Amino acid sequence: MSGVWHEGISYIFPNGDKYEGQCSESASGAIVRGGAGKHISSGGVVYVGEWREDKMNGKGTLQLPSGARYEGEFKDGELHGEGKYTFPGGSYYTGHFNQNKMEGQGSFTDSSGRVWTGEFHGNAALGLRIKHDVFTFRKEKK
């Protein structure tokens, strides 16, 4: 790193991606994202949050073109730490992530509002328990 720090720059990458935020320059003059910033990929992925050494690191929000959204912690460009991942259909997982995978204690709320809790390991979640059922049954008035 050359030590040249920039506040509030706006940069367009050769592939069409856009970055606005804090950064520094490498010895070769390349932009290295660091601090707070917003990156919009040419494919429509939007990340707003903290950067370190040109990778998503710290707290941030990642919005995907599919409608999926992640809010939480990042490490070395991956979902890593505590966070909430909302699926396009409205269901969501809240809990721990490890290298882009749901990992450890967490809860899954389906699109009907039912909450399932337990231990998650990537795509597997053995032994989940329903936390509560939000459905109420009403008597019909006559």
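View 1. Serine 107 is a residue of strand S9. The model shown here and in the other views is predicted. With a relative accessible area of 18%, Serine 107 falls under the 20% limit and therefore counts as buried. Leaving out residues up to four places away in sequence, serine 107 touches Tyr92, Tyr93 and Thr94, and also Val115, Trp116, Thr117 and Phe120.

View 2. Strand S9 covers residues 101–109 and is joined to S8 by six bridges, the two strands running antiparallel. Within this pairing, lysine 101 in S9 stands opposite asparagine 98. The hairpin of S8 and S9 has two residues between the strands, and glutamine 99 takes a positive phi there, near 50 degrees. S9 also pairs with strand S10 (residues 115–121), in the antiparallel sense and over seven bridges. Glutamate 103 has histidine 121 in S10 as its bridge partner. Five residues lie between the strands in the hairpin of S9 and S10, where glycine 113 takes a positive phi near 100 degrees.

**View 3. The largest nonpolar core.** This core has 18 residues, and those touching the most other members are Leu62, Tyr70, Phe74, Leu79 and Phe97. Two or more residues each come from strands S2 (18–25), S4 (46–52), S5 (55–63), S6 (69–75), S7 (78–86) and S8 (92–98). In soluble globular proteins, nonpolar side chains tend to be buried together. Leucine 79 contacts Leu62, Tyr70, Phe74 and Phe97, among others, when its neighbours within four places in sequence are left aside. The contacts of leucine 79 also include Glu73, Tyr85, Asn98, Gln99 and Asn100.

**View 4. Aromatic pairs around tyrosine 47.** The count of aromatic pairs comes to ten. One of them joins tyrosine 47 and tryptophan 51: the ring centres are 5.2 Å apart and the planes stand at 90 degrees, over the 60-degree limit, so the pair is edge-to-face. Both of these residues are buried. Tyrosine 47 also pairs with phenylalanine 74, with centres 5.0 Å apart and planes at 80 degrees, so this pair is edge-to-face as well. The latter pair links distant parts of the chain, since tyrosine 47 is in strand S4 and phenylalanine 74 is in strand S6, 27 residues apart. Tyrosine 47 has 2% relative accessibility and counts as buried. Phenylalanine 74 is likewise buried, with a relative accessible area of 4%. Tyr47, Trp51 and Phe74 belong to one aromatic cluster, together with Tyr19, Tyr70, Tyr93, Phe97 and Phe120.

**View 5. Charged side chains over tyrosine rings.** Lysine 84 places its charged end over the ring of tyrosine 92, 4.2 Å from the ring centre. Arginine 33 lies over the face of tyrosine 19, at 6.0 Å from the centre of that ring.

**View 6. The chain as a whole, for context.** The secondary structure comes to eleven strands and zero helices. The C-alpha trace spans about 75 × 35 × 20 Å along its principal axes. The radius of gyration is 20 Å, whereas a compact globule of 142 residues would have one near 14 Å. Of the 142 residues, 34% count as buried. Among contacts with a separation of 6 or more, 6% are between residues 24 or more positions apart.

Terms used: Residues are numbered from 1 along each chain as its sequence is written. This is a predicted model: local features need pLDDT of at least 70, side-chain atom pairs count only at pLDDT 80 or more; totals for chains, interfaces and linings use all residues. Side-chain values use heavy atoms; hydrogens and water are left out. A nonpolar core is a set of buried Ala, Val, Leu, Ile, Met, Phe, Trp, Tyr and Cys residues joined through side-chain atoms within 4.5 Å. Buried means under 20% relative accessible area, exposed over 50%, partly exposed in between (1.4 Å probe, protein chains only). Helices (H or I, at least four residues) and strands (E, at least two) are DSSP runs, numbered from the N terminus. Contact means heavy atoms within 4.5 Å. Two strands pair if DSSP finds at least two bridges between them. Rings of Phe, Tyr and Trp (its six-membered ring) pair if their centres lie within 6.5 Å; planes under 30 degrees apart count as stacked, over 60 as edge-to-face and the rest as tilted. A charge sits over a ring if NZ of Lys or CZ of Arg is within 6 Å of the ring centre and within 35 degrees of the ring normal. The radius of gyration is taken over C-alpha atoms; the globule rule is 2.2 Å times the number of residues to the power 0.38.
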